[in-house]
Amino acid sequence: MALTKAKNSNPAPKRKIPERRCVGCQGTFPKKDLLRVVRSPEGEISIDFTGKKSGRGAYLCKKEACFRKARKSGVLHRALEVEITDALYEELEKEVRFAEAHSGD
Ligand SMILES: [Zn+2]
């Protein structure tokens, strides 16, 4: 009995990188390059570092320019349908600055 060679039309398994749209600049980026802000079912807003929190999420670039734009235009508030506190913006800003400072080289 001859071995049947399975015809694989796509031999190299493509690892699909999950991409999400940034609410600030509307650009699409790999999920890992974005910050996820999530509104829990209880209505609590937090930054989701694991990407696994349940709730409605919005993504933002780890870029200060993009963060500022998002804060000014209130897109996070619109995307999540909840008030974004200054404390959360400050936390986000810290994360964005940290990421920016550690990217590039
Ligand atoms: Zn962006």
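**Exercise 1.** What is the order of the strands in the open sheet of three strands?

*Solution.* The model is a predicted one.
Step 1. Strand β3 (residues 34–39) and strand β4 (residues 45–48) form an antiparallel pair with four bridges.
Step 2. The order across the open sheet is β4-β3-β5, and the pairing is antiparallel.
Step 3. Each of β4 and β5 (56–61) has a single partner strand and stands at an edge, so one side of each lacks a neighbour in the sheet.
Step 4. With direction ignored, neighbouring strands of this sheet are turned against each other by 30 degrees on average.
Step 5. Helix α3 (residues 86–101) packs on the sheet and touches β3 and β4; the direction of α3 makes about 15 degrees with that of β4.

**Exercise 2.** Determine which residue takes a positive phi in the hairpin of β3 and β4.

*Solution.*
Step 1. Across the two strands, Ser 46 in β4 is the residue opposite Val 38.
Step 2. Five residues lie between the strands of the hairpin.
Step 3. Gly 43 in this hairpin has a positive phi near 90 degrees.

**Exercise 3.** Identify the residues that touch the most other members of the largest nonpolar core, and the elements that supply at least two residues of this core.

*Solution.*
Step 1. The core holds 17 residues, and those touching the most other members are Val 23, Leu 35, Val 37, Tyr 59 and Leu 60.
Step 2. At least two residues of this core come from each of β3, β5, α1 (64–73) and α3.
Step 3. Once neighbours within four places in sequence are left aside, the contacts of Val 23 are Ala 58, Tyr 59, Leu 60, Ala 70, Val 75, Leu 76 and Ala 79.

Terms used: Residues are numbered from 1 along each chain as its sequence is written. This is a predicted model: local features need pLDDT of at least 70, side-chain atom pairs count only at pLDDT 80 or more; totals for chains, interfaces and linings use all residues. Two strands pair if DSSP finds at least two bridges between them. Axes are lines fitted to C-alpha atoms, for helices over the stretch in contact, and angles run from 0 to 180 degrees between N-to-C directions. Two residues are in contact if their C-beta atoms, placed from the backbone, lie within 7 Å. A nonpolar core is a set of buried Ala, Val, Leu, Ile, Met, Phe, Trp, Tyr and Cys residues joined through C-beta atoms within 7 Å. A residue is buried if 20 or more other C-beta atoms lie within 10 Å of its own, exposed if 12 or fewer, and partly exposed in between; C-beta atoms are placed from the backbone.
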